[in-house]
Amino acid sequence: MRSPSTKLKLYNTLSRQKENFRPLNKSKVSLYTCGPTVYNFAHIGNLRTYIFEDILERTLLFLGFNVKRVMNITDVGHLTNDSDEGEDKMEQEAHKEKKDVLEVAHIYTEAFLNDIKKLNIKIPKIIAPATKFIPEQQKLIQKLFEKGLAYETKNAVYFDVTRYGLKKYLRLSRQPIEEKRIAVRAKVVKDPEKKHPSDFALWFKITGKFKNHVLQWDSPWEKGFPGWHIECSAISEYFLKQPFDIHTGGIDHIAVHHTNEMAQSEGAYNKELAHFWLHGEFLVINNERMGKSLGNFLTLRKIEDRSLPPLAYRYFILGAHYRSQLNFHWEALESSNQSLQNLYKQVGRLIFDARQSKMKILRHDYEKKFLTALSDDLNTPQALASLHALLYDDKLSPVQRLDTAKKFDKVLQLSLIETARKRMRIPFHISVAKKHYHAFRRNQQFVQSDTLRKRLNALGYGVEDTPYGPFLWPIKQK
Ligand code: AMP
Ligand code: ZN
């Protein structure tokens with residue numbers, strides 16, 4: 001394991017610059033990543049954010065840190081509109097599918113876990129559904145009342161942004177208050193008792209449009225259910241305490257969700273919520289953000305339906321820096337897949353050569369380049385470039401290249417070695433044909449060897465002649 005002293009620089013949204021990362025608690029990094037709202041399948045834009053977070057976690061591990069990662073699952077309280085209007089997304093979907101709300105949550109949580117598994121994303125050690133942390137959320141709301149930062153109306157309990165301080169409130173987003181006010185007004189504030197249009201709900205009461213809300217809990221402020229943001233404040237405090245090291249999400253979270261989380265947590269405990277705030281840029285399609293509500297989204301299943309492997313999508317994502325917008329189109333994904341398949345074949349070839357090659361071990365600086373790339377705010381395109389250069393550097397022995405690639409794959413997670421080994425397993429009748437082919441070539445019976453090569457091709461295997469005999473590789477990837 002590497003020493004955690006390697007300088008890692010991360011772009012902190014709070015300061016709008018790259019900063020040297022040092023954990024608050026020696027080598028243990030506390031990481032909070034906002035999870036999905038489980039009312040539908042994750043789309044590949046959401047999955048881009050989870051891949052970025054996975055690279056972050058794996059880079060930290062690679063650098064020798066221990067990581068305690070927490071992810072929430074939003075199964076209540078996330079409304080269709082950010083300014084406390086609209087319906088609860090979960091209840092709306094349950095109604096549409098004629099299912100129980102928690103059943104919907106279960107179905108899409110499982111689907112989400114399945115998707116991230118297919119993308120080789122490490123499942124967070126702690127996954128916390130909002131509905132399992134209601135007492136913690138209520139405790140936090142009570143704390144906000146004690147601090148004079150919460151008030152109750154007929155419909156809800158709100159966070160008092162003015163009492164908290166508008167300047168402080170906009171610390172993360174750096175949005176001019178006028179802009180924020182206009183944005184909120186544009187969405188029509190329906191609760192006349194709200195003191196300021198930016199005040200946001202901590203608790204919704206079972207009344208008015210929510211009178212049939214299925215999920216509801218007793219509380220000091222009438223039966224109801226929590227607002228969306230309070231779950232992250234309560235869950236992060238429960239598992240990580242305040243302040244913790246890194247908080248992440250997509251850039252859409254900066255202006256509303258993370259701004260509100262920060263205000264609640266910092267208002268309640270007079271302590272910073274998180275030291276570093278990292279945000280992944282959007283995946284766009286036809287120059288428009290991919291979004292569930294925009295109806296322009298694709299799921300991982302759609303990619304698989306086109307016989308493209310999920311890891312081709314991971315490779316596609318790693319080809320762009322997480323802070324740049326990335327435009328999705330099928331041709332780009334196809335071409336990422338082609339590059340990935342070429343890498344698998346090259347790794348296969350190295351495994352094949354490694355059995356015979358007696359090359360000496362040389363010093364090289366690929367590992368340094370790889371580390372430098374990732375340590376520079378997770379520069380995955382550069383890290384991929386060093387993987388490519390390494391695998392094709394024939395001054396280095398196959399064993400050396402494989403050993404180093406194996407290390408790189410701890411972070412990149414493209415299943416390089418496993419996939420290559422799997423592809424190299426050939427059925428018995430093919431290995432018999434391969435032996436015959438090799439014998440014909442050795443005996444210079446080229447007519448026979450050519451015939452057999454064509455037969456092997458027809459059976460789905462390409463044949464490459466190497467100094468160590470024929471190297472077989474399946475033409476169609478499975
Ligand atoms: P949600 O399930 O809507 O809470 O979103 C889950 C995660 O996906 C959040 O971190 C969002 O910021 C992120 N996200 C949403 N849309 C996109 C997109 N088009 N590209 C990248 N990330 C996104
Ligand atoms: Zn959150």
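Figure 1. Which residue forms a salt bridge with R69, and how far apart are the closest N and O atoms? The partner is E57, and the closest N and O atoms are 3.1 Å apart. This pair links distant parts of the chain, with R69 in strand β4 (residues 66-73) and E57 in helix α1 (residues 44-62), twelve residues apart. R69 is buried, because its relative accessible area is 1%, and a residue counts as buried when that value is under 20%. E57 has a relative accessibility of 3%, so E57 counts as buried too. Please keep in mind that this is a predicted model.

**Figure 2. A salt bridge between two loops.** Here the side chains of K195 and D160 meet, with 3.4 Å from N to O. The two residues are 35 residues apart and link distant parts of the chain: K195 sits in the loop between α7 (177-186) and β8, while D160 sits in the loop between β7 and α5 (161-164).

Figure 3. Now look at helix α12 (residues 330-354), which holds both D353 and R349. They are four residues apart, about one turn of the helix. Their salt bridge brings the closest N and O atoms to 3.1 Å, and both residues are buried. Salt bridges with shared partners also join K345 and E464 to R349 and D353, making one network.

Figure 4. Three residues lie between β6 and β7, and the two strands form a hairpin. β7 is also joined to strand β8 (residues 200-205) by four bridges, again running antiparallel. There, F159 has F200 as its bridge partner.

**Figure 5. An open sheet of three strands.** What is the order of the strands in this open sheet? The order is β13-β12-β14, and the pairing is mixed. β13 (288-289) and β14 (326-327) stand at the edges with a single partner strand each, so one side of each has no neighbour in the sheet. Strand β12 (residues 283-285) runs antiparallel to β13, and two bridges join them. To find your place in this view, look for I285, which stands opposite E288 in β13.

**Figure 6. A patch of positive charge on the surface.** Which residues gather in this patch? They are R355, K406, K410 and R421. K410 belongs to helix α15 (residues 398-412). This lysine counts as exposed because its relative accessibility is 55%, and the cut-off for exposed is over 50%.

How values were computed
Residues numbered from 1 in each chain as written. Chains lettered and ligands numbered in written order. Predicted model: local features only at pLDDT ≥ 70, side-chain atom pairs only at ≥ 80, totals over all residues. Heavy atoms only, no water. Pairing = 2+ DSSP bridges. Patch = residues over 30% accessible without salt bridge, like charges linked within 9 Å, V, L, I, M, F, W, Y side chains within 5 Å. Areas by Shrake-Rupley, 256 points an atom, 1.4 Å probe, with all protein chains shown as cover. Salt bridge = Lys/Arg side-chain N within 4 Å of Asp/Glu carboxyl O. Lys, Arg positive; Asp, Glu negative; His and termini not counted. Charge placed at Lys NZ, Arg CZ, Asp CG, Glu CD. Buried < 20%, exposed > 50% of the residue type's maximum accessible area, 1.4 Å probe, protein only.
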